[in-house]
Amino acid sequence: MSEVIRVMDDIDFAADPVEDLEVRLASLQAAGHRVVPVRYSGQTAWIILRYDDLAETFLNEQQLPAAPFYERMAMPAQGRTLLAMKGEQHRLNRALVAGALQPAAIRRCVESLLIPTANRLIDAFAAPGPLDLVAAYTHPYPFRIISGMLGIPVSDERHLLELTNLLFKFPTEPERALAARAEISAYLQPVIDERRLHPGDDIISHLATAEVESQRLSNEEILSFLRLLYPAGADTTYLGMGSMMRDVLSDRRLYQELCDHPEKRDAAVEESLRRNAPVALQPRFTENAVTIAGVEIPADSWLLYGISPANRDPDMFASPSEFSLDRSANRHITFGYGPHFCLGRHLARAELQVSLGLLLDRLPGLRLVGDEFVPSTSAVLRGVRKMLVEFDEVLPIAASRIG
């Protein structure tokens, strides 16, 4: 194979800040590129830029399985999660864990957990601000929800979150990651044992008692799922929620429309998910040589699944950079596609819908303080890490049109 000439080789897409990621990738699309080589961790990675190509690649689990990346980068610390499973093992394990996150289960949680948790956080706001909406709401909210759904005491939440975040340091700090894995297991195993004997209405109880085709989850399979749930289920949601509120508060016409027309808020959530995928570039790894959109990619190569550019593909979405409430078929690919389609998508949507509604209804005049927000400039994970806002007052819960 001839020497690969990387585009934008001044940037390492794994390590360098890329504030204008969306603009850069749109320029590659406009130039007619579908798959391009870039620098990633000092090596060559191939970004898939177009929607149709990415959807086809997600579906091609036989030739391009998700497992090779997770086996190399995560499995020693996290365990064999669904993302590291193939074939029959993946099908059965996904069926066993899926019930806890299906729409019916999430609908029950909206009234019992999602709305009360959001209201408690808003009640703690000191009117009229300013305050950092990320620190006060968008960051703690999804973590509290995961804790509530697991039946984990809030007092233990921060330490457990710190440990699960250490798992992701396995490639660079393997000893710390493996020590964190052992501590997480020591904390959770007695909880699992108790829930097997006395199950309740929580995710751990569901995992401990679920049965499909006469099969049940082992302790290690449950632990592997739980090690992934905090960072995968909460971290991405907090980044996406910050992006959503930034977009709404940056456009006063949009803000007013959503205040006046609550029925349009679900469309706003979907449009924000399209424009602001928290996982902008999803790393994967090839086992064998493969051809994508006519581009030959060698075996043992990095791939970057371009969720952000696919969601802004002009062949799929008219005026893709605009925030529009009128997209009749908003088929964004933020939650992936194919066999590993995100199990937590129903929960993430519900959290965004509840939060948008309550923040608008209970905080009249909610607005940015100048341009005081700090975006994540990582090329892989995008979102908002700080956002100063102010508001006129905190209205009582009865003022909300949620629930």
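**Sheet, helices and cores of the predicted model**

Val38 stands opposite Ala45 in strand 2. The structure is a predicted model, in which local features need pLDDT of at least 70 and side-chain atom pairs count only at pLDDT 80 or more, while totals for chains, interfaces and linings use all residues. Residues are numbered from 1 along each chain as its sequence is written, and side-chain values use heavy atoms, with hydrogens and water left out. Helices (H or I, at least four residues) and strands (E, at least two) are DSSP runs, numbered from the N terminus.

Strand 1 and strand 2 (residues 43–48) run antiparallel and are joined by 6 bridges. Two strands count as paired if DSSP finds at least two bridges between them. Arg39 has Thr44 of strand 2 as its bridge partner. The hairpin of these two strands has 2 residues between the strands, and Ser41 takes a positive phi near 55° there. Strand 1 is largely enclosed by the rest of the structure, because 5 of its 6 residues are buried. Buried means under 20% relative accessible area, exposed over 50%, and partly exposed in between (1.4 Å probe, protein chains only).

An open sheet is formed by 4 strands in the order 1-2-7-4, with mixed pairing. Strand 1 (35–40) and strand 4 (281–285) stand at the edges, each with a single partner strand, so one side of each has no neighbour in the sheet. From one strand to the next, the twist averages 35°. Helix 2 (residues 51–59) lies across strand 2, strand 4 and strand 7, and runs at about 120° to strand 7. Axes are lines fitted to C-alpha atoms, for helices over the stretch in contact, and angles run from 0 to 180 degrees between N-to-C directions. Contact means heavy atoms within 4.5 Å.

Two loop residues other than glycine have positive phi values. Phi is near 55° at Asp300, in the loop between strand 6 (295–297) and strand 7 (302–306). Phi is near 45° at Ser319, in the loop between helix 15 (307–311) and helix 16. Ser319 counts as partly exposed because its relative accessibility is 41%.

Helix 5 (residues 87–98) has 12 residues, which should span 16 Å at 1.5 Å a residue; its end C-alpha atoms are 16 Å apart, in agreement. The expected span is 1.5 Å times one less than the number of residues. Buried residues of helix 5 include His90, Asn93 and Arg94. Their cover includes helix 11 (203–209), helix 12 and helix 16.

Helix 6 (residues 103–123) has 21 residues and reaches 28 Å between its first and last C-alpha, close to the 30 Å expected. Helix 6 bends by about 60° at Val110. The bend is the angle between axes fitted to the seven residues ending at a residue and the seven starting there. Val110 is buried, as are Leu114, Ala118 and Leu121, among others in helix 6. Helix 7 (133–138), helix 8 (140–150) and helix 16 (345–362) are among the elements covering the buried residues of helix 6.

The largest nonpolar core has 89 residues, of which Leu114, Tyr137 and Leu226 touch the most other members. Its largest share, 14 residues, comes from helix 12 (residues 219–250). Apart from it lies another core of 28 residues, among them Phe13, Ala66, Ala84 and Ala379. A nonpolar core is a set of buried Ala, Val, Leu, Ile, Met, Phe, Trp, Tyr and Cys residues joined through side-chain atoms within 4.5 Å. Beyond its neighbours within four places in sequence, Tyr137 contacts Ala118, Leu121, Ile122, Phe125, Pro142, Met241, Ser355 and Leu359.
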